[in-house]
Amino acid sequence: MSFKDNIKYCSRCLMPETQEGVSFDDLGICTACQSSEDKMHIDWSKREKTLKKILSDAKKKSGNNYDCILPISGGKDSFFQAHILTKIYNVKPLAVTFNHNWYSETGFYNLQLCLEKFNLDHIQFTPARNLVAKTAKESLKKIGDSCWHCHSGVGAFPIQVATKFNIPLLIWGENVSETSGRDKYGSSKFKYDKDFFVKISAKKTPDQMVTKNLTKKDLFPFELPSQNEVDKIGCVGIHLGDFIFWDDEKQVEFIKKEYGWKETKMEGTYKNYKSVECIMAGVHDFTCYLKRGFGRTTWQACQDIRRGLLTKSEGEKLVEMHDSERPEALDYYLKITGYSEKEFLEIMNDKKVDKLKKESLPIKAKKTKHVEKLIPHSEQIITKDIK
């Protein structure tokens, strides 16, 4: 691809300088690769003791209440989190789901399986499909991404539940230092607070998303509690990846073998376990490709190169094969938003990072159809085949 000559890439993996927040050392090694090296020198047994202390204190304070909030989608990370909390540390969490309303059949199955296997009490919020469609349309213009409502809701809803139910501890999974290239272990650059997901992914507050078609009342479900409400309960969030050695490849193998968690065919990549709960993951990753010049295959190949599962040249071949694929899910996105494909591509062209402004990124039609379909609400009443 022609733009490769204009972009700086990590000397070790395939991470480009167009990745948000990434930096390179004097040897040209990206932040994510540096972080993966740092990870090997961390005293994880010491960190686990800190985790045990946090959980022990939470249990003492909770009394008859839940020990913590477990934000959960049924995806690979939250499924593993549920295992760690309930089976290893005997914690009683309240599972909380922001349902993006784009659940796939496989994703819905995995969520119900998680609730059954770990005996979890559960609260779920699902925004109306029409509201999702309107926010998805505005999201493209505001942040160059189809998924503002999910980025925002995933951050806001668990804290809303925490303040209303007086459950101060929220426990997340993978931390931002693990793979994103935006931070390193030991840094406090992205310390969790109530605005964490606004800074990391949503980028815009509900007030900033208001238009003539999206009112403050429409966007109320995405409002964060006030700082006073958060401070009143002493709300704290942690990532398990800061306290235990995080390896999502092995974790996926474990939950598949131990609990029957299911993968599915994902668009725009060669792996089948990331974001299986969402039919729109392919559109999300495609927008990243269009504005930053790389998609999910680059991101996952970088991880596999660091793990020693791929050579750099093998990763490059996979990137050439998948990153530029037009996802079938784009058809659904265009349908619900009313955009033409030309309008979609024009908006994304305006969102390109400066390094790519003059580049024409190749787009190729996908040869095989995506197997997942949006699960109708009528079928969300019951999940079949859970044993």
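**Ground rules.** I number residues from 1 along each chain as its sequence is written, and side-chain values use heavy atoms, with hydrogens and water left out. Since the model is predicted, local features need pLDDT of at least 70 and side-chain atom pairs count only at pLDDT 80 or more, while totals for chains, interfaces and linings use all residues.

**Entry 1, strand β2.** I looked up β2, residues 93-98. Helices (H or I, at least four residues) and strands (E, at least two) are DSSP runs, numbered from the N terminus. Six of the six residues in β2 are buried; buried means under 20% relative accessible area, exposed over 50%, and partly exposed in between, with a 1.4 Å probe and protein chains only. I noted that Pro93, Ala95 and Thr97 point one way, while Leu94, Val96 and Phe98 point the other way. In a regular strand the side chains alternate between the two faces of the sheet.

**Entry 2, partners of β2.** Which strands are joined to β2 by bridges? Strand β1 (residues 68-71) runs parallel to β2, with four bridges between them. Strand β3 (residues 121-125) also runs parallel to β2, and here I found five bridges. Two strands pair if DSSP finds at least two bridges between them. On the β3 side, aspartate 121 is the bridge partner of leucine 94.

Leaving aside neighbours within four places in sequence, leucine 115 is in contact (heavy atoms within 4.5 Å) with Ala95, Leu120 and His122.

A nonpolar core is a set of buried Ala, Val, Leu, Ile, Met, Phe, Trp, Tyr and Cys residues joined through side-chain atoms within 4.5 Å. The largest has 38 residues, and among those touching the most other members are Leu51, Phe79 and Leu120. Helix α4 gives the most to this core, six residues. I also found a second, separate core of 27 residues, which includes Leu131 and Tyr192.

How do α3 and α10 pack? Their axes are 10 Å apart, at an angle of about 70 degrees. Axes are lines fitted to C-alpha atoms, for helices over the stretch in contact, and angles run from 0 to 180 degrees between N-to-C directions. The two helices are therefore roughly perpendicular; angles of 65 to 115 degrees count as such, under 35 as roughly parallel, over 145 as roughly antiparallel, and the rest as oblique.

Asparagine 90 lies in the loop between α3 and β2, and asparagine 119 in the loop between α4 and β3. Phi is near 55 degrees for asparagine 90, a positive value in a residue other than glycine. I noted a phi near 55 degrees for asparagine 119 too. Asparagine 90 is exposed, with a relative accessible area of 59%, and asparagine 119 is exposed at 62%.
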